[in-house]
Amino acid sequence: MRHWTLEDIPWDAFDGTRVDPEILAVVKTASMVEHNSADYATYLNNIFPDDPEFQAAAKAWAVEEIQHGVALGRWAEMADPSFDFQSSFRRFAEGYRIPVEAESSVRGSHSGELIARCMVETGTSSLYSALRDATDEPVLKFVCHKIAGDEFRHYKLFYTHLQRYLAREKPGLPRRVLVAFRRFREVDDDELSYAYHCANLDGQTYDRKRAADAYLGRVAACYRRDHVQRAVGMAMKAVGVSPKGRLGRLAMWVVWRRFRRQTLQLQAS
Ligand SMILES: [Fe+2]
Ligand SMILES: [Fe+2]
């Protein structure tokens with residue numbers, strides 16, 4: 001099936017009166033991170049040197065992620081003509097580097113790496129679903145709908161390759177959960193915080209905690225319970241726990257309560 005292109009986006013339908021500045025700040029941030037995906041393809045190719053099938057898939061994946069960055073950046077420039085996507089991205093890429101020279105996964109194993117990739121695609125598929133449902137601006141709704149579809153497909157891609165490596169490496173459940181949990185905790189590391197800073201706070205001193213709270217507070221405001229539930233289900237499937245079992249239902253309940261509490265704290269700060 002042909003992948004969508006920038007020409008498929010109905011740019012003429014853009015309605016500046018429907019731009020929400022809080023969502024705009026999130027879109028600018030996401031455009032930075034998405035556009036940085038070429039480095040991730042290099043990293044994945046280095047740590048899967050004996051798997052040409054996966055290497056080819058990772059290269060094709062990165063092309064789609066970079067296109068997400070371009071589409072979001074172009075929309076953000078329409079919504080805010082003072083935003084310069086390329087110069088913001090240059091600042092971000094100069095200040096944030098992923099370990100492209102690594103020869104083994106920073107997650108400790110190939111299956112760990114693929115669980116972490118599933119977690120990232122879980123996060124992005126829920127983010128763009130939430131943004132699509134939160135915005136009234138028709139072009140952004142279209143773009144987020146297209147990107148969300150890609151992110152669900154990316155999850156399936158990494159999940160499929162994960163099954164091969166799980167059969168070979170056989171990590172236990174605690175190990176799988178730990179990798180997933182650690183990757184989840186990285187949402188407040190430098191990548192998103194610094195992307196938010198470069199895209200939204202040009203000229204100010206970088207304050208990681210302030211940037212992380214500003215970003216996560218705006219993102220959380222877009223999420224509804226169904227977005228969180230679907231994400232939790234996908235994360236649990238990636239670590240090999242049935243979301244419909246007793247453990248899965250308990251995790252769903254805990255995550256939703258924690259999400260609500262943190263959202264209220266972020267909105268109050
Ligand atoms: Fe993406
Ligand atoms: Fe993706």
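This is a predicted model: local features need pLDDT of at least 70, side-chain atom pairs count only at pLDDT 80 or more; totals for chains, interfaces and linings use all residues.
**Ground rules.** Local features need pLDDT of at least 70 and side-chain atom pairs count only at pLDDT 80 or more, while totals for chains, interfaces and linings use all residues. Residues are numbered from 1 along each chain as its sequence is written, and chains are lettered from A and ligands numbered from 1 in the order in which they are written.

**Cores.** I began with the nonpolar cores (sets of buried Ala, Val, Leu, Ile, Met, Phe, Trp, Tyr and Cys residues joined through C-beta atoms within 7 Å). Buried means 20 or more other C-beta atoms within 10 Å of the residue's own, exposed 12 or fewer, partly exposed in between, with C-beta atoms placed from the backbone. The largest core has 61 residues. V27, W75, I115, L131, A195 and A235 have the most contacts inside it. I then checked L131, leaving aside neighbours within four places in sequence. L131 is in contact (C-beta atoms, placed from the backbone, within 7 Å) with I23, V26, C144 and C222. Another core, of seven residues, lies apart from the largest one; A41, L44, A58 and W61 are among its members.

**Helix 4.** Helices here are DSSP runs (H or I, at least four residues), numbered from the N terminus. Which residues of helix 4 are buried? In this helix, residues 85-95, they are F85, S88, F89 and F92. They share one side of helix 4, because they cover an arc (of directions from the helix axis to the C-beta atoms) of only 95° around the axis. Q86, S87, R90 and E94 are exposed on the other side. The cover over the buried residues includes helix 1 (21-35), helix 3 (52-79) and helix 8 (190-200).

**Helices 10 and 11.** Next I looked at helix 10 (residues 225-239) against helix 11. They pack at an angle of about 135°, axes 10 Å apart. The axes are lines fitted to C-alpha atoms over the stretch in contact, and angles run from 0 to 180 degrees between N-to-C directions. From helix 10, R225, V228, Q229, V232 and M236 meet G248, A251, M252, V255, W256 and F259 of helix 11.

**Two single residues.** L264 lies in helix 11 (residues 246-268). L264 is exposed, with 11 other C-beta atoms within 10 Å. D190 lies in helix 8. D190 is partly exposed, with 16 other C-beta atoms within 10 Å. Leaving aside neighbours within four places in sequence, D190 is in contact with Y96 and R208.

Definitions and conventions:
Two residues are in contact if their C-beta atoms, placed from the backbone, lie within 7 Å. Helices (H or I, at least four residues) and strands (E, at least two) are DSSP runs, numbered from the N terminus.
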